[in-house]
Each structure stands twice: as C-alpha cells, then as structure tokens.
Amino acid sequence: MAIRVLLLTQWFDPEPTFKGIVFARELVRQGFEVEVLTGFPNYPGGKVYPGYRINLLQREVIDGVQVTRVPLYPNHNQSAIKRVLNYASFAASSFVYGLFMARRPDVIYAYHPPLTVGITAGLLRLLRRIPVVYDIQDMWPDTLRATGMVSNNRALSVVGTVCQWVYRRMDHIAVLSPGFKRLLLQRGVPDTKVDVIYNWADEVALASPQGHPPANFPGPERLRILFAGNMGKAQALDTVLEAAALLQARDARVCFVLLGGGVEAARLEQRAIDMQLHNTIFLPPVPMSEVGALLNEAEVLLVHLRKDSLFEITIPSKTQAYMAVGKPLLMAVDGDAAELVSRSGGGVVVESENAPALADAAEALAAVQQDALATMGRQAQRFYREQLALQVGVSKFGAIFTRLAAR
C-alpha cells in the first residue's frame, strides 16, 4: 500500500515555487500517494489568478496530483499587517482542513517559508500524531533581518522563539545547504534530525526551451556572461556594472547580459546609461519556458549576491539551473555556493562585491578556448545530474518519508 504524503505549502502551481508540481509529480512517480494542501494562487502580485475564485474549499487535479485549496487573504505588498494576515489566514484555514477534513496521511511535508506553515504542521503533529518533515528554504529570523523585511529587534526575537518551538516539534528537517545545517546545530537541533537536500532545477522547462534570443542579444564575437533572475538589493548588481566599466576601459571581449526584473532593475539600467556602458545590456523577464533559450545562448552564467553572512550559507536557485543546462558558472557568492561550484569543477569562483576580481575573472574566461569552456560546462552538468537532480533529491525525501511512516 502506497505511503500517503500531505504536502503542506502556502504557494503552489500556477504560482512560481521551488517545490511545486514538479516535486509532487515525481513523488507520485516514485510510488507515493500525494495530496497537496495549499492556498488560492495569488503570489507574487497579491491578486487571485484568473480562473480562480476564493471559496471555502476547492479541489482540482494538476498533472495527476490531487490539489486541495483553502481560503486565505491574498496580499503581497509591503504592508506588514497585510502580509501577516496573508500568512495567518492560510495557516488557520489549512489547520482546520488538516485537523478535521483531510484524509489521514502517513507523513506531512511542510514547506517553509512562511513560518506560519510550520506552526500549522506542529499543531497537526501534536493533535493527529502524524510525523512531519519540515523543509527550510529561508532561515528565519536571519533572512527577515538581512533583507530588511523586519527590523524591530523584539519582533525578530519573537520569530526566533517561535522557530525554536517549531524545530522541536518536527520529526525531521531538510535544509538546502550545509551552512543552514550548521546554523540549526548551533541552535540546538540534533544532528540526526537534519539532512542537507539540495534544491533542483526545472529540468523539463530547461531541456525544452521555447522562444529565441531577442535581436539585441550580443553576438558570439564577444564572451557573453548572462545573469538571469531577480534584480534586488540582495543581488548587489552595481558591482557588475563597475566590473563592466573596468572591462570596457580595457577593451575586453566581454559583454554582460542582465535578464530579469525587480526593484533595482530600472535604476541599474539608468546607471548603465549614465556610465555609458556599451558592454552591458538589459533584457526584461521572460517566462520560465523561455529562460533556457537565453541561458543556452550565453557562454558563461553569472551568480552574484552581496557580501553578507547569511548569503554565505545560501545557495541561490539559479546555481542549479545554470548547472543543469551545462554552462560554466561565474560564481560571485562566498561560502556554500562557491564550494558547490568548486566541487563540480564547472566554473570559476570570485569574491562577492569585488568588481576588480569579477572583471579579472571575466577577462580570463574570455581568453579560454571554446572547447575548454564546453568541458567546464559538461562538468557542471554532470555534477548536477549526479548530486542535485530532481530524481536524486526526491529519492532522499522519499527515504525519509518511508522511514517516518514505518515508525
């Protein structure tokens, strides 16, 4: 008889999410019976998606996976009160459904953030005696402090206390990096309770890319280094512009392509104009189905975050996507992400927020022969397939679910 898993996550397809339908579908393929408990899709805009209307309960089947949606207050603006209402409303409605209406699962999988999902999972474990696996994708309260989402020390202290309550009540915890595990161990979580399970990429979308590069995409006469993703304060992309200025002054054969949107995108584009950079172009965000075509067009793929102790234990999700398409990485993030690239042999590592070092690395890559770059890309892809791929990660979760269900 198949082990029943309840996936408890506030965000799920068609919303953008790390552990959405791809995760659920692979669990089903590996022999598990899965029900997803989630909200009505409204992220990131805070508006309910077309085709959906908030009801007391809605069931649907997506790619053969049973999905149950419960009501929440849709909001994702900067208002702290409204954001709390968004989190708390889903926590409350998912708790009621999980306690009184859900068919009893063998294991609950809970996705964090937000922390309120962990509270719901902890209460369900307490009242229904169902083991819980807690998947931590953001280290609270550290992320809240680092991003400026919460700056009040008393509020951060309360969040930290609630986190400790949640950790104690989970049967097992999965984290995305060795640094996350080290931090949990420092906070008193037993070593045997924590596993590092790296995130994976959207392999289907990347393997069958749609669309074509725009007309203004640079030609192969230059080494095209592409950054794809959110352009926010955490990415510190001013460093990339400063590196571009150094390379332009050297007349280097390098061009940066910055693909995506975000709160910093317009300012960065204007700054590039003001700096009269001719070796940097900006492209608007495209659907995930089209990202692969642009990644494939570049010779090198860039990851950059600002220098921060939190980011030293973070592995940006684009790392896995870049490896999956078989391109060399230029990793300008300190810590665990740099270690992963070094282990793979599939890229070059430089210090975060160090424009001269980034420029030097880019110029050195421009001097590398194409076949050597291709070899580097193949090494990155091989490492991804052996260590980070969807099937590998889900198998690790499956082993944990099976062990807990047998207790």
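Tutor: Helix H15 gives the most to the lining of the largest cavity, with three residues. Helices are DSSP runs of H or I with at least four residues, strands are runs of E with at least two, and both are numbered from the N terminus. This is a predicted model, so local features need pLDDT of at least 70 and side-chain atom pairs need 80 or more, while totals for chains, interfaces and linings use all residues. Numbering starts from 1 along each chain as its sequence is written, and side-chain values use heavy atoms, without hydrogens or water.

Stay with the cavity. The search of the whole structure finds one cavity of 30 Å³ or more. The volume of the largest cavity is about 30 Å³. A cavity is a set of points on a 1 Å grid over the protein atoms alone where a 1.4 Å probe fits but cannot get out; lining residues have an atom within 4 Å of a point. The volume is the space filled by probe spheres set on the points, which are joined across faces, edges and corners. Rolling a probe the size of a water molecule over the atoms shows where empty space is left.

Ile 197, Tyr 198, Gln 387, Leu 388, Ala 389, Val 392, Gly 393 and Lys 396 line the largest cavity.

Next, an open space. The second largest pocket holds about 180 Å³. A pocket is an open set of points with protein on both sides within 12 Å along at least five of seven lines. Its lining includes Asp 142, Arg 145 and Ala 146, along with Gly 179, Arg 182, Leu 183 and Gln 186. H6 gives the most, with four residues.

Turn to charges. There are 25 salt bridges in the whole structure. A salt bridge is a side-chain nitrogen of Lys or Arg within 4 Å of a carboxyl oxygen of Asp or Glu.

Glu 297 pairs with Arg 224, and their closest N and O atoms are 3.7 Å apart. This pair links distant parts of the chain. Glu 297 sits in helix H10 (residues 288–297) and Arg 224 in strand S9 (residues 223–228), 73 residues apart. Arg 224 is buried because its relative accessible area is 4%. Glu 297 is partly exposed, at 31%. Buried means under 20% relative accessible area, exposed means over 50%, and partly exposed lies in between (1.4 Å probe, protein chains only).

Asp 238 bridges to Arg 267, with the closest N and O atoms 2.5 Å apart. Asp 238 belongs to helix H8 (residues 238–249) and Arg 267 to helix H9 (residues 265–274), so the pair ties together parts that are 29 residues apart in sequence. Arg 267 is partly exposed, at 37% relative accessibility.

Arg 250 joins Asp 360, and here the closest N and O atoms are 3.1 Å apart. These two also link distant parts of the chain, 110 residues apart. Arg 250 is in the loop between H8 and strand S10 (254–259), and Asp 360 is in helix H13 (residues 355–366). Arg 250 is partly exposed, with a relative accessible area of 35%. Asp 360 is partly exposed as well, at 43%. Some bridges share partners: Lys 233, Asp 238, Glu 242, Glu 264, Arg 267 and Arg 271 are joined into one network.

Last, the backbone. Most residues other than glycine have a negative phi, and most peptide bonds are trans. Look at the bond between Tyr 43 and Pro 44: it is cis, with omega about 10°. Pro 44 lies in the loop between strand S2 (33–39) and strand S3 (58–62). The bond from Pro 113 to Pro 114 is cis too, with omega near 0°. Pro 114 is in the loop between strand S5 (107–112) and helix H3 (115–128).

Then check phi. Asp 63 is not a glycine, yet its phi is positive, about 50°. Asp 63 is in the loop between S3 and S4. Gln 276, also not a glycine, has a positive phi near 55°. Gln 276 sits in the loop between H9 and strand S11 (280–283). Gln 276 counts as exposed because its relative accessibility is 56%.
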